[in-house]
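Dear colleague,

Please find the structure below, together with its sequence. I would be grateful if you would read the notes that follow with the model open.

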Amino acid sequence: CVKLVTRPSWRHLERRMNRRCLAVAVVVFSAVVPHPPFASAQPVSTLASVPLTAWGVPDLQGVWSYATITPLQRPTELSGRAFLTAEEVAQQNNDAATRASSERRAELTPARDLGLAYNQVWWDRGKSTGRTSLIVDPSNGRLPALTPEAQRMGAERQATRRAHQYDSWENRPLQERCMTYQRAPPVPSGYNNTYQIFQTPEYVAILNEMIHDVRFIPMDGRPHVSEGIRQWNGDSRGHWEDGTLVVETTHYSDKTTWRGFPGAGQTLRAVERFTRLDEDTIDYQFTIHDPTTYTSSWSVDLPLANLPGYVLYEYACHEGNYSIANVLTGARIQEKTSQETSQISR
């Protein structure tokens, strides 16, 4: 399957470069300043007062990047280590900045070269946070074990996918169909790792740059929607706790998977915490509670960096997206060829 992406304009590329530069200060701060344990205390603002809205709550509005090359799970070779050294951070940042550059393509095997898809100018992965994993709880930096039910569900989904993945457009991945990229909260990917946050006294709206998902979060204490209503990114409700925006999301659709892991819409609950630390940083944490899928809850700590002047262009996923038509056409040709070969062999 080939995913076609509209070629960016030079203005688009320029803002990408600016974005990388803006992230440097946050990364250096993260690598140098000791990090407190995740559960020890809530984040504390570094300014005497953070920007406030006209109605007196922290102003989270703006464009924020969650791009980072820090992996979700701690690599096994870094077991027991929560942080990288300054030298390791620099090496990882350099590798990420040059991994698909023209001068390194010759080093790659044909398969690896194909896997990189685009050259370096298309990617915007961010830099290392200095941690060895985004997961901070459990302390080993790894996802908890899947429950027996989740293992069964995962095996069934994989078997169904292998047998029927080219039967119809409805069998293709949600990302390929431009429905949604991954359920909220997000985990950084190769590009478009950007939130734009809007606020009113009654609502907070969060636009995710990747496949233009928007979450409207009521702040008036209303209950969640009825149990029969399920949505790709769930149903969110927000409130303030000592200057921190807390967003609880439930009612996910069980058709939504997350990075290949099975979805359990009936039991999944995500709790996000947005704390404005200063002009340039939001401390963003989220915890996933899903007893059907995981044997315990797990938490992520992911700083958001302010991107003043950054413009989110329309993510026109459907425009020029020939992937589904081409994939299904190819599958029909393969089926016809296989049938003709079978008849000849008889």
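The notes below cover strand pairing, a cavity, aromatic pairs and a few backbone features.

The model is predicted, so local features need pLDDT of at least 70 and side-chain atom pairs count only at pLDDT 80 or more, while totals for chains, interfaces and linings use all residues. Residues are numbered from 1 along each chain as its sequence is written, and side-chain values use heavy atoms, with hydrogens and water left out.

Strand pairing

Helices (H or I, at least four residues) and strands (E, at least two) are DSSP runs numbered from the N terminus, and two strands pair if DSSP finds at least two bridges between them. Strand 1 (residues 62-65) pairs with strand 3 (residues 194-199) in the antiparallel sense over four bridges, with Val63 opposite Gln196 of strand 3. Strand 3 also pairs with strand 4, again antiparallel, over five bridges. A hairpin of three residues joins strand 3 to strand 4, and Tyr195 stands opposite Asn208 in strand 4.

The second largest cavity

A cavity is a set of points, on a 1 Å grid over the protein atoms alone, where a 1.4 Å probe fits but cannot get out; lining residues have an atom within 4 Å of a point. Tyr195 and Asn208 are among its lining residues, as are Gln182, Arg183, Asp213 and Arg215. Strand 4 (203-208) and strand 5 (213-218) each supply at least two residues of this lining. By class, the lining has four nonpolar, three polar and three charged residues; Ala, Val, Leu, Ile, Met, Phe, Trp, Tyr, Cys and Pro count as nonpolar, Asp, Glu, Lys and Arg as charged, and the others, Gly among them, as polar.

Aromatic pairs

Rings of Phe, Tyr and Trp (its six-membered ring) pair if their centres lie within 6.5 Å, with planes under 30 degrees apart counted as stacked, over 60 as edge-to-face and the rest as tilted. Seven such pairs are found. In one of them, Trp123 and Tyr191 are tilted, 5.9 Å centre to centre with 45 degrees between the planes. This pair links distant parts of the chain, 68 residues apart: Trp123 lies in the loop between helix 3 (110-116) and strand 2 (135-137), and Tyr191 in the loop between helix 4 (148-164) and strand 3. Buried means under 20% relative accessible area, exposed over 50%, and partly exposed in between (1.4 Å probe, protein chains only). Trp123 is buried at 12%, and Tyr191 is buried at 13%. Ring pairs also link Tyr66, Tyr195, Phe274, Tyr284, Phe286, Tyr294 and Trp298 into a cluster.

Backbone features

Most residues other than glycine have a negative phi, and most peptide bonds are trans. The peptide bond from Asp137 to Pro138 is cis, with omega near 10 degrees; Pro138 lies in the loop between strand 2 and helix 4. Cys178, not a glycine, has a positive phi of about 65 degrees and is buried at 5% relative accessibility. Asp242 likewise has a positive phi, near 50 degrees, but is exposed at 86% relative accessibility. Asp242 is placed in the loop between strand 6 (235-241) and strand 7 (244-250).

With kind regards

Note on methods:
On a 1 Å grid over the protein atoms alone, a cavity is a set of points where a 1.4 Å probe fits but cannot get out, and a pocket is an open set with protein on both sides within 12 Å along at least five of seven lines; lining residues have an atom within 4 Å of a point.
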